[in-house]
Amino acid sequence: MSNAVVLGLQWGDEGKGKVIDLLSGSVDVVVRCQGGANAGHTVVVDGKKTILHLLPSGALHEGARCVIGNGVVVDPLALQSELADLDEAGVNLRPRLSVSDRAHLVLPYHKALDAAREAARGAGKVGTTLRGIGPTYQHKMARTGLRCGQVCDSESFRVALSKQVDAANQELAALGADTLALDTVLSEAMPACEAMAPMVCDTAAIVHEAVAADKRLMFEGAQGVLLDIDFGTYPYVTSSNTGIGGVITGSGASHKDVGEVIGIVKAYTTRVGEGPFVTELDEVAGKELRDRGGEYGATTGRPRRCGWLDLVITSFACRLNGVDTIALTKLDVLSSGDDIDICVAYELDGARIDAPPASVEDLARAKPVYEKLQGWSEDITGCRNFEDLPVAAQEYVQYIEQQTGVKVGYIGVGPDREQTICR
Ligand code: IMP
């Protein structure tokens, strides 16, 4: 079995956690490459649900070494609370968790800045998760950020942190937000940073050693390709590269070593936060799908916007990332008996287009061109073979393969690890 990359091909929340957990049973090293505690990866094992934000979804497999790579932005407080949650579940991850010394730190002032900037944007807000992600990546690019490696020297870190709090307070005051007391930031952040310090190391070296030893690696994407800072629906995106590029720059792996690219596609589409969504359903139909699919944010609890599967964005995401295999999730949610619309192109100003335009204003004006496929009403949650699925469900899967040119290798028919058809 080769190495693998798992990427979300929509706007996040495609069900990556379940697929990564399923596939990481035979994996030696699981690597998170970008994003931070904005992610919410839900893993259900034997009916027990665990939501991971910052930690790799391989955490629940005892044999897997877990790596938080250099491209991730690490909130040490969130990390401690997630590790404590796992302790309660009987899993002590610390001995097999490594955090990159090059990863940037999300500190309390990043979260305060995220909230103050969103408030200042008013109606033009992005709808961020308020986890401090954008301000942290901004400081990284401005070359003023603090990195995990610095926490190993508490005294100099304390001095650097004090300077950053001063700078952040100037912006917070200018935005009319409350400023932060340095003592409070230090007393909150320092214990969490010190607890993290023993896990901090050169994680690119772990990746290189694993490759050299022919170990099996899994690179875990967070969010989805349409939230990518370059190819997503800018500015309604997150602040990292959520595709294959982010995997390479965020882990230190060579492009030759990432292996099979598995793209996760939910059988319909959801989005949280603001931004255009061509196949979004109206209030009533959207709510019905949301309730059937339990579509509420794993990180923020926000209700997700729901709509039909959009093959324009999915095919675009496949092309951008060289996707080898699609894992189609939540197919069981469509078992309502009604016909199913599937978007195969957009119509923009009278012309048919088959790729999302760069401008969000254009995307907001684009109309979906639908094909109508026959639905099914049978309960498919017990199906374990493709042939067990009703013919209409098989045809839905085959239609996706035909339109994207990518094989659907996995089909999710329920939340549990076992409720998966592997083809
Ligand atoms: P941020 O990443 O918190 O800055 O949020 C930017 C945009 O990405 C917002 O629309 C968020 O709702 C969205 N977003 C961030 N992380 C996730 C995720 O894990 N799943 C779905 N949407 C996300």
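1. Which backbone N or O atom lies 3.2 Å from an oxygen atom of the ligand? The atom belongs to valine 272. The protein buries 97% of the 470 Å² that the ligand exposes when taken alone. Accessible areas here follow the Shrake-Rupley method with a 1.4 Å probe, and for residues only the protein chains shown count as cover.

2. A word on the basis. This is a predicted model, in which local features need pLDDT of at least 70, side-chain atom pairs count only at pLDDT 80 or more, and totals for chains, interfaces and linings use all residues. Residues are numbered from 1 along each chain as its sequence is written, and side-chain values use heavy atoms, with hydrogens and water left out.

3. An N or O atom in the side chain of threonine 238 is 2.6 Å from an oxygen atom of the ligand. Glycine 127 contributes a backbone N or O atom, 3.4 Å from an oxygen atom of the ligand.

4. Helix α6 covers residues 182-196. Helices (H or I, at least four residues) and strands (E, at least two) are DSSP runs, numbered from the N terminus. The expected span of a helix is 1.5 Å times one less than its number of residues. With 15 residues, α6 should therefore span 21 Å, and its end C-alpha atoms are 21 Å apart, which agrees.

5. α6 also has a kink. It is about 30°, at alanine 189, shortly before proline 191. The bend at a residue is the angle between axes fitted to the seven residues ending there and the seven starting there. Val185, Leu186, Ala189, Met190, Ala192, Cys193 and Met196 of α6 are buried (buried is under 20% relative accessible area, exposed over 50%, partly exposed in between; 1.4 Å probe, protein chains only). An α-helix has 3.6 residues a turn, so residues three or four places apart point the same way.

6. How many of the 11 residues of helix α10 (residues 311-321) are buried? The count is 9, so α10 is largely enclosed by the rest of the structure. Among the buried residues are Leu311, Ile313, Phe316 and Asn321. At the start of α10, a side-chain oxygen of aspartate 310 comes within 2.8 Å of the backbone nitrogen of valine 312. Just after α10, glycine 322 has a positive phi of about 55°.

7. The loop between β10 (217-220) and α8 (244-249) holds proline 235. The peptide bond from tyrosine 234 to proline 235 is cis, with omega near 5°. Glutamine 223 is in the loop between β10 and α8 too. Its phi is positive, about 60°, although glutamine 223 is not a glycine. Glutamine 223 is buried, at 8% relative accessible area.

8. Lysine 330 also has a positive phi, near 60°, in a residue other than glycine. Lysine 330 sits in the loop between β15 (325-329) and β16 (340-348). Its relative accessible area is 23%, so lysine 330 is partly exposed.

9. Two side-chain pairs deserve a look. Threonine 420, in strand β20 (residues 420-422), makes a polar contact of 3.2 Å with the side chain of lysine 18 through its own side chain. A polar contact is a pair of N or O atoms within 3.5 Å; within protein, one must be able to donate a hydrogen and the other to accept it, and residues adjacent in sequence count only if both atoms are side-chain atoms. Threonine 420 counts as buried because its relative accessibility is 9%. Arginine 117 lies in helix α3 (residues 108-121) and is buried at 17%. A polar contact of 2.7 Å joins its side chain to that of glutamine 138.

10. Aspartate 21 lies in helix α1 (residues 16-23) and is buried at 1% relative accessibility. Aspartate 166 lies in helix α5 (residues 154-174) and is partly exposed at 49%. Aspartate 166 and leucine 180 are 14 residues apart in sequence and 8.7 Å apart in space, C-alpha to C-alpha.
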